[in-house]
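Here's a quick briefing to read alongside the coordinates. Have the viewer open and click along as you go.

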Amino acid sequence: MPQLGLLHGRAWTVLLGQLRRPPGAVCIRAVSSHSQVAEALFASQLKPYQEKSNFIIKTPKGTRDLSPQQMVVREKILNVVVSCFKRHGAKGLDTPAFELKEILTEKYGEDSGLIYDLKDQGGELLSLRYDLTVPFARYLAMNKVKKMKRYHVGKVWRRESPTIVQGRYREFYQCDFDIAGQFDPMIPDAECLKIMCEILSELHLGDFLIKVNDRRILDGIFAVCGVPESKFHAICSSVDKLDKISWKDVRHEMVVKKGLAPEMADRIGDYVQCHGGISLVEQMFQDPRLSQNKQALEGLGDLKLLFEYLTVFGVAEKVSFDLSLARGLDYYTGVIYEAVLLQTPVHAEEEPLNVGSVAAGGRYDGLVGMFDPRGHKVPCVGLSIGVERIFSIVEQRMKTFGEKIRTTETQVFVATPQKNFLQERLKLIAELWDAGIKAELMYKNNPKLLPQLHYCENMGIPLVVIIGEQELKEGVIKLRSVPSREEVAIKRENLVAEVQKRLSES
């Protein structure tokens with residue numbers, strides 16, 4: 001084999017790997033240069049791709065790319081959400097995109113089948129995180145943290161059939177706010193609901209309603225209706241579907257698919273179809289069956305206190321006690337809530353229509369204890385803002401009203417009407433950048449002035465700095481207002497001060 005001594009270690013490894021291929025695979029003869037080895041390897045690896053004539057370029061199902069225009073909208077929404085979280089004293093936190101599979105297992109009830117498992121790559125069974133709550137509980141237990149108010153914005157993954165129209169994806173962002181620690185009842189819970197109201201109001205999504213319930217009340221209802229405790233979770237997940245399907249269909253699922261006696265299902269129906277305000281809480285206190293259940297009484301007592309605090313916060317009219325709200329996740333232990341947008345009715349006598357959940361949360365006092373070797377509990381309550389759903393709504397409204405979106409924040413464009421002025425433009429833009437001003441120029445030696453001005457108008461850039469032979473000779477700069485097209489000459493040394501002044505006035 002000629003000249004094999006010229007091959008270094010990496011080339012030898014690659015070449016031998018090719019020579020060991022099974023019969024029928026592409027093989028490379030000994031060659032005398034690195035370039036020939038690389039060329040031959042590239043050709044051998046490219047061939048299978050060239051043969052895929054039906055190859056389609058697409059994003060995986062349930063995912064999407066976001067254009068620069070969409071990113072602007074998303075960032076505005078996230079800024080509103082995160083600013084509110086910070087206003088309430090939350091600290092930022094991040095966790096890995098994947099967790100040990102055993103960390104996530106059996107934390108989500110029937111939804112556990114939607115967890116994305118990863119192929120074993122290093123002796124650990126891993127899964128992509130399903131939400132941000134379980135990783136937070138793991139973090140608290142692992143670091144022995146007893147009190148924390150945190151927010152977390154990150155992607156999560158769910159292996160479900162995505163409904164893109166409704167803003168549901170397999171990969172999506174969650175924005176979570178949680179309060180961990182032992183505190184007096186319902187104070188942190190009331191703050192979570194206040195935060196929901198602040199964010200939804202600030203985003204101008206239209207009228208909304210926050211439904212609240214308590215898992216202890218639900219369990220109490222199931223108990224007094226005769227449901228065996230072993231069926232509580234299964235029946236709870238059926239009740240959770242009442243916002244999507246009718247009571248008739250939910251009852252059918254309970255009886256036919258989950259084996260509940262028809263009379264038990266009917267008793268449950270008498271409760272879970274009720275909704276109202278503080279008066280309904282009082283009414284449930286007087287219920288002859290429910291008032292005998294200790295769990296239900298505890299839940300009702302906390303809800304009564306919650307409504308008192310919400311009244312002080314001035315948001316009680318946005319909250320409804322809804323006995324159909326179940327929140328199917330297994331880790332909830334107390335108060336649960338879900339915010340829905342209400343579609344304005346066409347006729348005054350019609351009820352508002354529910355057009356979907358945009359935020360949810362609740363109390364999960366036992367989750368941290370699941371990860372603690374000694375079972376030490378850290379009470380927690382939190383909320384999650386459904387940014388994908390909100391994003392879909394905002395994006396659709398912007399299309400409807402034809403709102404134009406700026407994809408950059410450029411404040412000044414440096415232009416010239418003449419040739420051989422690139423270095424002068426570079427000096428100017430460096431001065432603007434060094435002063436913290438957002439600026440751009442065209443990447444051409446000799447651009448024409450009109451395309452530069454058109455670019456500024458199309459991109460919504462408010463100011464243009466123009467330099468040419470006359471300006472250079474006189475020691476001035478032309479400052480042009482893009483909206484009004486008015487130009488003024490200013491001294492070269494006053495450029496930064498004048499630009500900053502104009503920007504502060506706009």
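Where is the place of Y332? Y332 sits in the loop between β8 (319-322) and β9 (335-343). Before going further, note that this is a predicted model, where local features need pLDDT of at least 70 and side-chain atom pairs count only at pLDDT 80 or more, while totals for chains, interfaces and linings use all residues. Residues are numbered from 1 along each chain as its sequence is written, and side-chain values use heavy atoms, with hydrogens and water left out.

**Overall picture**

- The protein chain has 18 helices and 16 strands; these are DSSP runs numbered from the N terminus, with helices being H or I of at least four residues and strands being E of at least two.
- Of its 506 residues, 45% count as buried (buried is under 20% relative accessible area, exposed is over 50%, and partly exposed is in between, with a 1.4 Å probe and protein chains only).
- Take the contacts between residues at least 6 apart in sequence: 67% of them join residues at least 24 apart (contact means heavy atoms within 4.5 Å).
- The accessible surface of the protein chain comes to about 27,400 Å², and 53% of that belongs to carbon and sulfur atoms (areas come from the Shrake-Rupley method with a 1.4 Å probe, and for residues only the protein chains shown count as cover).

**Nonpolar cores**

- The largest nonpolar core has 78 residues, and F85, I210, F222, I268, F321, Y337 and I385 touch the most other members (a core is a set of buried Ala, Val, Leu, Ile, Met, Phe, Trp, Tyr and Cys residues joined through side-chain atoms within 4.5 Å).
- Apart from that core lies another one of 26 residues, among them Y108, F136, V145 and F371.
- As background, nonpolar side chains tend to be buried together in soluble globular proteins.
- Setting aside residues up to four places away in sequence, I385 touches V81, F85, Q174, C175, I199, V358, A359 and I390.

**Helix α3**

- Helix α3 (residues 68-87) has 20 residues and reaches 28 Å from its first C-alpha to its last, close to the 28 Å expected at 1.5 Å a residue (the expected span is 1.5 Å times one less than the number of residues).
- Its buried residues are Q70, V72, V73, R74, I77, L78, V80, V81, V82, C84 and F85.
- The cover over those buried residues includes β4 (148-157), β5 (171-180), α6 (187-202), β11 (380-385) and α14 (387-401).
- Just after α3, G89 takes a positive phi of about 85°.

**Annotated binding site**

- An unreviewed UniProt entry places the feature "binding site" at D131, L132, T133, R158, Q174, D178, R327, Y331 and Y332; UniProt positions use the numbering used here, feature names are shortened, and annotations may be inferred rather than shown by experiment.
- T133 belongs to helix α5 (residues 133-142) and is buried, with a relative accessible area of 9%.
- Beyond four places in sequence, T133 touches D176, Y331, Y364 and L367.
- Back to Y332: at 9% relative accessibility this residue counts as buried, and leaving aside neighbours within four places in sequence, Y332 is in contact with R215, R327, G361, G362, R363 and Y364.

- R480 lies in strand β15 (residues 476-481) and is buried, at a relative accessible area of 12%.
- The R480 side chain makes a polar contact with the side chain of E487 at 2.9 Å (a pair of N or O atoms within 3.5 Å; within protein, one must be able to donate a hydrogen and the other to accept it, and residues adjacent in sequence count only if both atoms are side-chain atoms).
- Not counting residues up to four places away in sequence, R480 touches L453, P462, L463, V464, I466, R485, E486 and E487.
- E498 is found in helix α18 (residues 495-505) and is partly exposed at 22% relative accessibility.
- E498 and L479 are 19 residues apart in sequence and 8.9 Å apart in space, C-alpha to C-alpha; leaving aside neighbours within four places, E498 is in contact with L479 and I490.

- Most residues other than glycine have a negative phi.
- K144, in the loop between α5 and β4, has a positive phi near 55° and counts as exposed at 66% relative accessibility.
- M186, in the loop between β5 and α6, has a positive phi near 70° and is buried, with a relative accessible area of 3%.
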